[in-house]
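Student: Could you walk me through a structure the way you would read it yourself? I'd like to know what to look at, and in what order.

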Amino acid sequence: MAIQAIKGVKDILPADMPLWQHLEATARKLFEDYGFSEIRVPVFEYTELFARSIGVSTDIVEKEMYTFEDRDGRKITLRPEGTAGVVRAFVEHKMYAESQLTRLYYMGPMFRHERPQKGRYRQFYQIGVEALGLDHPHVDIEVLAMLHALFTRIGVGGLTLQINSLGDSECRGAYRDALKSYLKAKLPTLCGDCQRRYETNPLRVLDCKVDGDKFADSPIMLDYLCTPCKEHFETVEAGLRKLDIPFEINPRLVRGLDYYTRTTFELVMGHLGAQNTVAAGGRYDGLVREIGGPATGGIGFALGVERAISLMNSTNIARPCPALFLSALGAEAVAFALPILHDLRSAGIRVDTDYSGSSLKSQMKKADKSGADLTLIIGEQEIANGKAILRNMQTKEQSELLLATLKEDLKKRLLSA
Ligand code: HAM
């Protein structure tokens, strides 16, 4: 039996690629306009990094990580998200010493052992950004403005930006206590996960898939913010309004990762079903320190590439076609055409050919299918005459080109177009 891909992982086929490349290129251009630089960090790290940053009592760390012992007996994990590795690199390379605000972006695969379903995979891709160094609320506004601009540029509308503040170590404790006393009475009626989280991570109870809608009257973090956190959140709100970035406050928005402080957000879509969060992120002012760096603010987001792609419209995104199809008729012409093909490609012309040496009729079919505008026909007779035939696939007009000056002629026609 043929071997198949692992459950929950997906091939991204050439036909899907134009959308992927369009999204990636749009993100790169936008992020670079905002002063962000690309970073590539390893796809695997010591397990401890993720446990310490994402939090030992989160779903990701408790049950979703691909963790194994390598041949040296060290515990290694395939990265379930990008922030921890980027922060590790930021600390390891002392990037904080180079500038006050380090703006980084990344793209690549992440791995979580979740129950696969539409929009949820075990290997999925994220495009993410992290702005490290400052806890100024304008950095939050900048990051949110960039997220908004990205979805505008890729033509995806109808998303809602939900924001909340999770406070900081000063004020979160009081909220956690209030939430616990509220939950206490309901505890016997809640699911096993909620009962466990009540002890380990009470904020996560609000996000329970089973009982989440039972907490509409729970206390909210916004009522417990200390003055600096409150001012921070108000500045972010005012900034978003000033920049005309639509948002909603969702006071019960909590995140599945423990490193968040203050501003947290999700970009959600009505019709993606349960997997309706396209992008998410927030501030994490304690994380750099937790990983061994100085006390440094940070904020970022990551978008799920598969989810973003599913919302994009492919109709205006052209699949790149060859400019020229080289049709060599017969074995002699195939051999003769080899250096021509090489020369044209070296000159930057996108050329397709199939080496079959088959009949003109069959090659014209292939040329049509390839999407090339022009076909260069070379057979025995053309070699003998020192001239090739150039056929315009749309108008069917044909002209002759001297083999001696072929490369220059084609470069002129194709590269200036
Ligand atoms: P996250 O909410 O865990 O945050 O993931 C961000 C996005 O990745 C989600 O909104 C979703 O679109 C996508 N995603 C997550 N899991 C899957 C999956 N199994 N299949 C498909 N897509 C998925 C983070 O990862 C944080 N590191 C974001 C961040 C960056 N916060 C600060 N900086």
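This is a predicted model: local features need pLDDT of at least 70, side-chain atom pairs count only at pLDDT 80 or more; totals for chains, interfaces and linings use all residues.

Student: Let's start with the ligand. How many residues surround the ligand, and which are the closest?

Tutor: Begin with the shell, then go to single atoms. Here the shell has 27 residues, and the closest are Glu81, Glu114, Glu130, Arg255 and Tyr260. By type, 12 of the shell residues are nonpolar, 8 are polar and 7 are charged.

Student: Which strands supply at least two residues of that shell?

Tutor: Three to look for are β6 (123-132), β10 (277-283) and β11 (298-304). Of these, β10 brings the largest share, with 6 residues.

Student: And what about the atom pairs with the ligand?

Tutor: Arginine 255 puts a polar side-chain atom 2.7 Å from an oxygen atom of the ligand. Glutamine 126 also uses a polar side-chain atom, this time 3.0 Å from a ligand oxygen. Glycine 300 works through its backbone: an N or O atom there lies 3.4 Å from a nitrogen atom of the ligand.

Student: How much of the ligand does the protein bury?

Tutor: Compare the ligand alone with the ligand in place. Alone, the ligand exposes 660 Å², and the protein buries 96% of that.

Student: Now a helix. Is isoleucine 340 buried or exposed?

Tutor: The number to read is relative accessible area. Isoleucine 340 has 13%, so it counts as buried, the cut-off being under 20%. This residue sits in helix α11 and touches Leu326, Ile378, Leu403 and Leu406, leaving out residues up to four places away in sequence.

Student: And alanine 331, buried or exposed?

Tutor: Alanine 331 is also found in helix α11, which covers residues 331-346. Its relative accessible area is 68%, so it is exposed, as that is over 50%.

Student: How do sequence separation and distance in space go together?

Tutor: Take them pair by pair, C-alpha to C-alpha. Alanine 331 and valine 278 are 53 residues apart along the chain, with 53 Å between them. Isoleucine 340 and arginine 28 are 312 residues apart in sequence, with 35 Å between them in space.

Student: Last one: which backbone angles would you flag?

Tutor: Aspartate 244 has phi near 60 degrees, and its place is the loop between α8 (227-242) and β8 (248-249). Aspartate 244 is exposed, at 65% relative accessibility. Tyrosine 355 has a positive phi too, near 60 degrees, and lies in the loop between β13 (351-352) and α12 (360-370).

Key. Residues are numbered from 1 along each chain as its sequence is written. Side-chain values use heavy atoms; hydrogens and water are left out. A residue is near a molecule or strand if one of its heavy atoms lies within 4 Å of it. A polar contact is a pair of N or O atoms within 3.5 Å; within protein, one must be able to donate a hydrogen and the other to accept it, and residues adjacent in sequence count only if both atoms are side-chain atoms. Accessible areas come from the Shrake-Rupley method with a 1.4 Å probe; for residues, only the protein chains shown count as cover. Helices (H or I, at least four residues) and strands (E, at least two) are DSSP runs, numbered from the N terminus. Ala, Val, Leu, Ile, Met, Phe, Trp, Tyr, Cys and Pro count as nonpolar, Asp, Glu, Lys and Arg as charged, and the others, Gly among them, as polar. Buried means under 20% relative accessible area, exposed over 50%, partly exposed in between (1.4 Å probe, protein chains only). Contact means heavy atoms within 4.5 Å.
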